Amino acid sequence: MNADTVTSTDHGTGQLAPSDYIAPDYIAADWRDFYALTKPGVLKLVIFTGICGLLAAPGSIHPVIAFTAILCIALGAGGSAALNQWYEGEIDGRMKRTSRRPIPAGRMQPQSALHFGIGLSALSVFIMGVGVNWLSAGILAVAIFYYAVIYTIWLKPNTPQNIVIGGGAGAFPPVIGWAAVTGDVTLLPILLFALIFIWTPPHFWALAMFVKSDYAKAGIPMMPVVAGEKSTRRQIFWYSVVLLAVAAAPPLLGLTGWIYGVPAIMLSLIFLGLAAKVGFRQESDPKKMKPEKQLFAFSIVYLFAVFAVLVADRLVYAGAPA
Amino acid sequence: MTEDENRPDYNDPETLKKLRERQSSRAKVMGLCLIGLVILFYLITVVKIGMT
């Protein structure tokens, strides 16, 4: 393993490869490093929303097939995360938050991550197709391609809208879970997709506000780095307004009951309140970013809670006499 | 630091031991994953046959 092999992960852009960087050589990577490549923290949310999509769908599914569907969603997400880390090995090394990942920390060869990512992704789509159905396998394949290629390779290094469009990658799991049960995609799973899609920018930009210097150092055109803080703060607020509308749509359209509707609207109003605090203040010192950190933390709780009440609502109404 | 200085010395017993330990643990995890896949495919087959 030599320096050229690692610096080749900048894929010819030439803007990120430090000339004096010599990669460490590698003893065979530990299995824990392969596990770390799958981004286990992100997987929790992916698995959770996938399970929620599966439970919210009308109809029944055999527990073994349900387990297979969730396993495939997790494997697919893990595979695409590995591909993401393979491509961004050099960039990750420049950010404090990601510098301890297996590739930038020198515990794994980039090529191993590439092979692992492709293998895991292909396996997940194959098992989903054979074991569950080919519609959910197709959506899973699109989700993997969306994250690994459209977001990681194309959008993230090139446009400050990376998170806006790239957020779609994380929005697929409930649709896949739904399709695993029903074999089709209706309006409710599309609204669940939209919910995560619209939730992602304020969630991620809140984080980007207080780790801005890290992204700037790595040359990633995140919104606060490119468009400035004021514009990002306003956009966080307006996306939160749209989020409220999307979260309120299912009960208003009669797709869910108010067991989902009331808590979802209340949670969205709290989200909007926190986003308003972020949206209309002027503070650029990362040490004084308490509202931004609050919004980021709440946004995670928000998504878990909204999907949990959705499942509760669907289970209650599914069990109710017609 | 040069490339040669970076390269692990596989003649060093400690490095070799570490390499073997990692290879062994990876092989065990891979074995468990394969057994899991076999069981999963078996169960899927049983369920699918039951469905038809």
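The views show a predicted model, in which local features need pLDDT of at least 70 and side-chain atom pairs count only at pLDDT 80 or more, while totals for chains, interfaces and linings use all residues. Residues are numbered from 1 along each chain as its sequence is written, and chains are lettered from A and ligands numbered from 1 in the order in which they are written.

**Helices α9 and α10 of chain A.** Helix α9 (residues 173-182) and helix α10 (residues 187-210) of chain A have axes that come within 8 Å and cross at roughly 160°. That angle makes α9(A) roughly antiparallel to α10(A). Angles under 35 degrees count as roughly parallel, over 145 as roughly antiparallel, 65 to 115 as roughly perpendicular and the rest as oblique. Axes are lines fitted to C-alpha atoms, for helices over the stretch in contact, and the angles run from 0 to 180 degrees between N-to-C directions. Helices (H or I, at least four residues) and strands (E, at least two) are DSSP runs, numbered from the N terminus. The crossing of α9(A) past α10(A) is right-handed, a crossing being right-handed if the near helix is turned clockwise from the far one by less than a right angle, and left-handed if anticlockwise.

**Helices α3 and α4 of chain A.** The axes of α3(A) and α4(A) are 10 Å apart, and the two helices pack at an angle of about 145°. In passing α4(A), α3(A) makes a right-handed crossing. Among the residues in this contact are A:Val42, A:Leu43 and A:Val46 of α3(A), together with A:Ala66, A:Ala69 and A:Ile70 of α4(A), where two residues are in contact if their C-beta atoms, placed from the backbone, lie within 7 Å. Sorted by class, the contact of α3(A) with α4(A) has 13 nonpolar, two polar and no charged residues.

**Helix α4 of chain A beside helix α2 of chain B.** Helix α4 (residues 63-87) of chain A and helix α2 (residues 13-51) of chain B have axes that come within 9 Å and cross at roughly 135°. The two helices, α4(A) and α2(B), are therefore oblique to each other, and their crossing is left-handed. The contact brings A:Val64, A:Ile65 and A:Thr68 of α4(A) together with B:Leu40, B:Leu43, B:Ile44 and B:Val47 of α2(B). In this contact of α4(A) with α2(B) there are six nonpolar residues, one polar residue and no charged residues. Chain B as a whole has two helices and zero strands.

**The two domains of chain A.** Chain A is divided into domain 1 (29-183) and domain 2 (186-322), with bounds that come from an automatic or database domain assignment. Their C-alpha centres lie 21 Å apart, and 26 residues of domain 1 of chain A are in contact with 26 residues of domain 2 of chain A. On the domain 1 side, the elements of chain A that give two or more residues are α3 (40-56), α8 and α9, and α3(A) gives the most, with seven residues. The residues on that side of domain 1 divide into 16 nonpolar, six polar and four charged.

**The surroundings of A:Ala169.** A:Ala169 has its place in helix α8 (residues 162-170) of chain A. With 26 C-beta neighbours inside 10 Å, A:Ala169 counts as buried; a residue is buried if 20 or more other C-beta atoms, placed from the backbone, lie within 10 Å of its own, exposed if 12 or fewer, and partly exposed in between. A:Tyr147 is 22 residues from A:Ala169 in sequence, yet their C-alpha atoms are 5.1 Å apart in space.

**Two loop residues of chain A.** A:Lys39 lies in the loop between α2 (31-37) and α3 of chain A, and its phi is near 50°, a positive value in a residue other than glycine. A:Asp285 is placed in the loop between α14 (258-279) and α15 (290-319) of chain A, and A:Asp285 is exposed, with 7 other C-beta atoms within 10 Å.

Key. Nonpolar A, V, L, I, M, F, W, Y, C, P; charged D, E, K, R; others polar.
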